[in-house]
Amino acid sequence: MIHTEEMIRLTINGQPHHFETLTNVTQLIEHLELQGKRIAIERNGEIVPRSQFSEQFLADGDQLEVVVAVGGG
Amino acid sequence: MDQLIIAGKAYSSRLLVGTGKYKDFTETRMAIEASGAQIITVAIRRTNIGQHANEPSLLEAVPPSQYTLLPNTAGCYTVEDAVRTLRLARELLDGHSLVKLEVLGDPETLFPNMVETIKAAEILVKEDFQVMVYTSDDPIIARQLEEIGCVAVMPLASLIGSGMGILNPWNLQIIIDNAKIPVLVDAGVGTASDAAIAMELGCDGVLMNTAIAAAQNPVLMATAMRKAVEAGREAYLAGRMAKKLYSASPSSPVNGVIASTGIQATGGKG
């Protein structure tokens, strides 16, 4: 795989992902086909508020957690 | 009107239920409706990336507009994981701050690690979470959790998912007698009588999941639990009669019993 200047490597929910065109969290959500879903995102241990999805720019090496509500007791 | 007040909000139902272990979301929804519960626990988990993009979501079956959702930290074994999970939950649920904290200490028994639970509770209370906390049935720990600022203490009746019922009513009684915040039995209830006993002891509520979800007929069990919690609460409020270990006391008149033998009967039951 060719590593260009723009390529970023993200760890999402513990799994490695490579992206070439991504810049912000909104684009990541679209790429993951999660738009419209009720999710919450943590980036490098910090919550990314929904209002900041298009302002938060992703960087190489970012660790992301993307969570949903599931059944539990 | 007899209401359960948690963190300043009133609830008419004293039964809280989980959403795990149901066969599908339809069964989840039907059981929860039958239970009459208003506070519903949910877990927070990593979403499946790139899979099942259109699978139904739990929050469509139990919409936050209809229920008070109580996100939990089930499966968390460290302070950090529990706190991060609830920060994510608050973001997920639009700033909703009522949460269920549990920090586990052992994967076999799912016993809570109370040292870590206390540390996590301190952080969460400082961050303005309203913390309902799962705890062992130690009255001193329960008191400390109240002092930290938790809004409810939730001692186990027996191990999570065990259905073993209330194994130490005496400890629960001490916790109930001393707490100024609501005390809810969380974990261990197996059937309706367990829930009724918890409420008769004076618990403010009961939280359960497996007892309903793992019943042969979960929807019917949910109805039974609703009635049991209501019956136990009413019995508690009514104030039970004193127990008399050695002296029977007839309900019917002692005098006027027909007697052919000349032996004076002493009434009898009924």
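Strand β7 (residues 130–135) of chain B runs parallel to β8(B), and four bridges join the two. Strands here are DSSP runs of E with at least two residues, helices are runs of H or I with at least four, and both are numbered from the N terminus. Two strands pair if DSSP finds at least two bridges between them. Within β8(B), B:Ala152 stands opposite B:Met132.

This is a predicted model, where local features need pLDDT of at least 70, side-chain atom pairs count only at pLDDT 80 or more, and totals for chains, interfaces and linings use all residues. Residues are numbered from 1 along each chain as its sequence is written, chains are lettered from A and ligands numbered from 1 in the order in which they are written, and side-chain values use heavy atoms, leaving out hydrogens and water.

Now take the whole sheet. It is open, with three strands in the order β6-β7-β8 (chain B) and parallel pairing. Its edge strands are β6 (98–101) and β8 (152–155) of chain B, each pairing on one side only. From one strand to the next, the twist averages 20°.

Another parallel pair lies elsewhere in chain B. Strand β4 (residues 39–46) of chain B is joined to β5(B) by four bridges. B:Val42 has B:Pro71 in β5(B) as its bridge partner. From β5 (residues 68–71) of chain B, B:Thr68 and B:Leu70 point one way, while B:Leu69 and B:Pro71 point the other way. All are buried. Buried means under 20% relative accessible area, exposed means over 50%, and partly exposed lies in between (1.4 Å probe, protein chains only).

Next come the helices. Why is helix α7 (residues 192–201) of chain B largely enclosed by the rest of the structure? Seven of its ten residues are buried, so the rest of the structure largely encloses it. Among the buried residues are B:Asp194, B:Met199 and B:Leu201. Their cover includes α6 (169–178), β9 (184–186), β10 (205–208) and α9 of chain B. Contact means heavy atoms within 4.5 Å. B:Gly202 follows α7(B), with a positive phi near 110°.

Helix α9 (residues 218–238) of chain B also meets helix α1 (residues 25–35) of chain B: their axes come within 7 Å and cross at roughly 20°. Axes are lines fitted to C-alpha atoms, for helices over the stretch in contact, and angles run from 0 to 180 degrees between N-to-C directions. The angle makes α1(B) roughly parallel to α9(B). Among the residues that meet are B:Met30 in α1(B) and B:Ala222 in α9(B).

How values were computed. Angles under 35 degrees count as roughly parallel, over 145 as roughly antiparallel, 65 to 115 as roughly perpendicular and the rest as oblique.
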